[in-house]
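Open the model in your viewer and keep the selection panel at hand.

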Amino acid sequence: MTEKKKSIGNEQALPVDIMIDSIIEYLETKDINKESLLLRVKEQSTSSGDNRAKKAANAIYSVITKSSALNRAIVKNYTPESFYKLSEADKNVIVMSLVCLRFPFTYDLLFAFSKLLNIQDLVNKQYINERMASMYGSNLSLEHGIEAAMKTAIDCKFITRDKPGLFSKGTNIVTTSFAKEAWIATFFELNGRKSVSINDLEYEPVISYLSDLEIDWKNSKILETMQDYSNQVVICKLKL
């Protein structure tokens, strides 16, 4: 029996500044004006097709409004003003976490990058193409999906395009425990882990996108923890 390939889900680049503004709008009104969102996407779009702009706007809307532990934690812990005042790096990580939770294709791409970036400085795009094709099949949709996900990852400073076809790790210096938790929660949920020791997180390649793992675990906002038999702090589930 042929193994069923995973779904790409989104083939449009998602402008990070529009997503940040949409989060702030959602915190203020508990909704996002779809007409205004579409207009902003069209203004920034480099393509002439209305259909692509509509798909991108719909994707952004679903990223911000999808019910998840992270979305609910954002609403619970931030006002429009306090979210706006976050550093660029913290907002980048929160946005990327939301995108990955809505479209795991992007997470798979970042995971593929991280496995090599943990042992070498540069990654060739051909390697990424091959890794993603092994999971999603090789076709035009895959090419579009990779280009879109990479653009969002570059805009969020998770990866940097050093020269055509060569990429390195980005430069986010995350400061808040919340943003760090957001990315760890993304890893925890999308990797299907039942538990993970916080001492083992540093050995997970995809966690290396965070600049450090200094987190106030006693006051965690997204992840629930417990002590295991050896008194290590263990992430056991996401807060509902």
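How many residues does helix H8 have, and how far does H8 reach from its first C-alpha to its last? Select residues 125–136 in this predicted model. Helix H8 has twelve residues and reaches 16 Å between those two atoms, close to the 16 Å expected at 1.5 Å a residue.

Next, show the side chains of Lys125, Ile128, Met132, Ala133 and Tyr136, which are buried. Turn the view to look down the axis of H8: the buried residues fall within an arc of 130°, so they line one face of the helix.

Now go to the ends of H8. At the N-terminal end, select asparagine 124, which caps the helix: one of its side-chain oxygens lies 2.7 Å from the backbone nitrogen of glutamine 126. Following H8 is glycine 137, with a positive phi near 85°.

The structure holds two cavities of 30 Å³ or more, and the largest cavity contains about 70 Å³. To find the largest cavity, select its lining: Ile8, Asn10, Gln12, Leu14, Val99, Phe103, Phe105, Thr106, Gly145, Ala148, Ala149 and Thr152. Which elements give two or more residues to this lining? They are H7 and H9.

Technical notes. Residues are numbered from 1 along each chain as its sequence is written. This is a predicted model: local features need pLDDT of at least 70, side-chain atom pairs count only at pLDDT 80 or more; totals for chains, interfaces and linings use all residues. Side-chain values use heavy atoms; hydrogens and water are left out. Helices (H or I, at least four residues) and strands (E, at least two) are DSSP runs, numbered from the N terminus. The expected span of a helix is 1.5 Å times one less than its number of residues. Buried means under 20% relative accessible area, exposed over 50%, partly exposed in between (1.4 Å probe, protein chains only). The arc is that of the directions from the helix axis to the C-beta atoms. A polar contact is a pair of N or O atoms within 3.5 Å; within protein, one must be able to donate a hydrogen and the other to accept it, and residues adjacent in sequence count only if both atoms are side-chain atoms. On a 1 Å grid over the protein atoms alone, a cavity is a set of points where a 1.4 Å probe fits but cannot get out, and a pocket is an open set with protein on both sides within 12 Å along at least five of seven lines; lining residues have an atom within 4 Å of a point. Grid points are joined across faces, edges and corners, and a volume is the space filled by probe spheres set on the points.
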